[in-house]
Each structure stands twice: as C-alpha cells, then as structure tokens.
Amino acid sequence: MAYRYPFGNSLHPEALKEKQRSLRDGFQTPLALRVHRALSWLRRAEAEDDDQDVRFILLWIGFNAAYAGDVEASASSSAPEGERGLFQAFFSTLVKFDARHRVYDAVWQRFSQEIRLLLDNRYVYHPFWQHQNGVSGYADWEQKLERSRTAINHALREHDTARILSILFDRLYVLRNQLVHGGATWNSDVNRDQVRDGASLLGCLLPIFIDLMMDNPQHEWPMPNYPVVD
C-alpha cells in the first residue's frame with residue numbers, strides 16, 4: 001500500500017501546491033524552479049495508484065528536481081559515491097531547517113520497520129553488486145553491510161538525521177539505478193518489497209523536503225541545471 005498524506009493534510013501535494021502559489025512571488029528563481037518542478041512530479045506520482053515502479057521513479061525525479069544535482073559531475077563519478085556527494089549537502093541544509101524534527105520522526109516513527117528491512121536487503125546494497133560483478137575490494141561486502149547496520153543504529157540513537165538520510169538514500173539510489181538503467185524487470189516479483197517500501201518512503205519524505213524549502217526562501221538555493229531559457 002502506497003503511503004499518502006490524507007487530503008486536507010498540510011503535506012498533501014495539493015496543499016503544498018496551494019502554499020507554493022501563495023508564496024512563489026517571494027521566491028528567488030533557483031528556489032522557484034526547484035519547488036515548481038518537484039511539485040509537478042510529486043503531484044503526478046500522487047495520481048499513480050497501480051504501478052509502484054512508475055510511482056517510485058516519479059517520486060525520485062521529484063527528489064532530483066528538489067536538490068537539482070549536477071548531472072555532469074554525477075556522471076563523472078562512480079555510483080553511488082558521486083550522486084551521494086551531491087545530495088548530502090542538501091540533506092544537511094534541510095536538517096538545519098527542521099526544528100520540529102519532522103524528517104527524523106518520519107523515518108523512525110512511521111517507517112522504522114520498512115527502513116530496517118531495506119537496510120538489511122543485500123539487493124539494494126552497492127558493495128554486494130560490486131562483488132557480484134567481480135570488482136576487486138568488495139569480497140567483504142557482508143562485513144560492510146553489518147557495519148552499516150551499526151552506523152544507522154548509532155545515527156538513530158544520536159538523532160543524526162543527515163546521517164540517517166545518507167545511509168537510507170544510498171539504498172534507494174541503488175534501487176533507482178536498477179529501475180532506470182534497465183537492471184530490473186517491470187513489476188518483478190523479486191523486488192516488490194523494496195520498490196513498495198522505497199516508494200512509500202519517498203512519498204512521505206519528499207513533501208517534507210519541499211515544505212522545508214518553501215519555509216526557508218532566505219537560503220541561497222543554487223540555480224538548478226537546465227534553467228528556463230528564452
């Protein structure tokens with residue numbers, strides 16, 4: 001079952017769109033573009049009832065639009081390290097603005113079971129696939145996976161939300177690659193759990209990210225790639 005904020009909730013996509021319409025005249029161009037684009041994909045994902053693969057991809061594009069990573073820099077680095085470095089700064093910025101700890105509460109209180117299953121799943125763990133593909137230096141992927149469990153438990157105890165997001169999105173990024181780069185079959189039985197849980201997590205977190213961005217227009221949000229050009 002996809003996670004959705006109920007209609008009337010301030011984080012429902014249509015409520016966020018109304019908020020954006022009321023505030024956008026005060027946004028600088030970088031923030032205006034990021035929020036407008038992210039909301040367009042979030043609202044389309046909200047309309048997707050049946051296809052969890054499509055819903056996950058739509059939500060990931062919305063996330064991409066929000067943090068607007070440098071595509072060329074990402075492509076020049078090995079995944080997931082290149083992309084991770086690009087959105088870690090985004091997480092750190094959001095956490096500074098999250099005085100009510102909404103992100104932490106979402107990942108811990110609402111999705112603690114799903115997150116633990118995702119973090120234990122070797123099929124969304126980058127070193128596991130490096131080892132399967134014969135890349136040297138990853139024979140100890142199981143030990144690395146165990147250390148990552150220890151790291152997430154420590155981050156949860158310390159309320160280190162940026163670290164939690166970093167580890168979690170490492171896994172979601174592997175899932176994203178599997179889907180976007182043709183490394184999975186559409187509607188495959190073998191990845192239903194991680195696609196379902198990944199879509200639910202993104203559906204919960206992305207609205208919070210967008211809301212935090214709109215609440216902090218004074219921040220110098222960088223201009224995203226592909227600005228509107230006449």
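Predicted model: local features only at pLDDT ≥ 70, side-chain atom pairs only at ≥ 80, totals over all residues.
A residue is called buried when its relative accessible area is under 20%.

**Overall build**

- Read along the sequence, the pattern is α-α-α-α-α-α-α-α-α-α-α.
- Taken along the principal axes, the box filled by the C-alpha atoms is roughly 55 × 40 × 35 Å.
- Buried residues account for 49% of the 230 residues in the chain.
- Of the contacts between residues at least 6 apart in sequence, 76% join residues at least 24 apart.

**Surface and charge**

- The chain exposes about 11700 Å², and carbon and sulfur atoms supply 50% of that area.
- There are 26 positive and 30 negative side chains in the chain.
- The centres of the positive and negative sets lie 2 Å apart.

**Helix α3**

- Helix α3 covers residues 52–67, which makes 16 residues.
- From its first C-alpha to its last, α3 reaches 23 Å, close to the 22 Å expected at 1.5 Å a residue.
- Twelve of the 16 residues of α3 are buried, so this helix is largely enclosed by the rest of the structure.
- The buried residues of α3 include Phe56, Leu58, Leu59, Trp60, Phe63 and Tyr67.
- Also among the buried residues of α3 are Gln52, Asp53 and Arg55, together with Gly62, Ala65 and Ala66.

**Helix α6**

- In helix α6 (residues 102–110), the buried residues are Arg102, Val103, Tyr104, Ala106 and Val107.
- The cover over these buried residues of α6 includes α7 (112–120) and α9 (141–157).
- Helices α10 (161–180) and α11 (192–214) also belong to what covers the buried residues of α6.

**Two loop residues with positive phi**

- His159 lies in the loop between α9 and α10.
- Phi of His159 is near 55 degrees, a positive value in a residue other than glycine.
- The relative accessible area of His159 is 47%, and His159 is therefore partly exposed.
- Asn187 is placed in the loop between α10 and α11.
- Although Asn187 is not a glycine, its phi is positive, at about 60 degrees.
- With a relative accessible area of 41%, Asn187 is partly exposed.

Key
Residues numbered from 1 in each chain as written. Heavy atoms only, no water. Helix = DSSP H or I, 4+ residues; strand = E, 2+ residues; numbered from the N terminus. Buried < 20%, exposed > 50% of the residue type's maximum accessible area, 1.4 Å probe, protein only. Contact = heavy atoms within 4.5 Å. Areas by Shrake-Rupley, 256 points an atom, 1.4 Å probe, with all protein chains shown as cover. Lys, Arg positive; Asp, Glu negative; His and termini not counted. Charge placed at Lys NZ, Arg CZ, Asp CG, Glu CD. Expected span 1.5 Å × (residues − 1).
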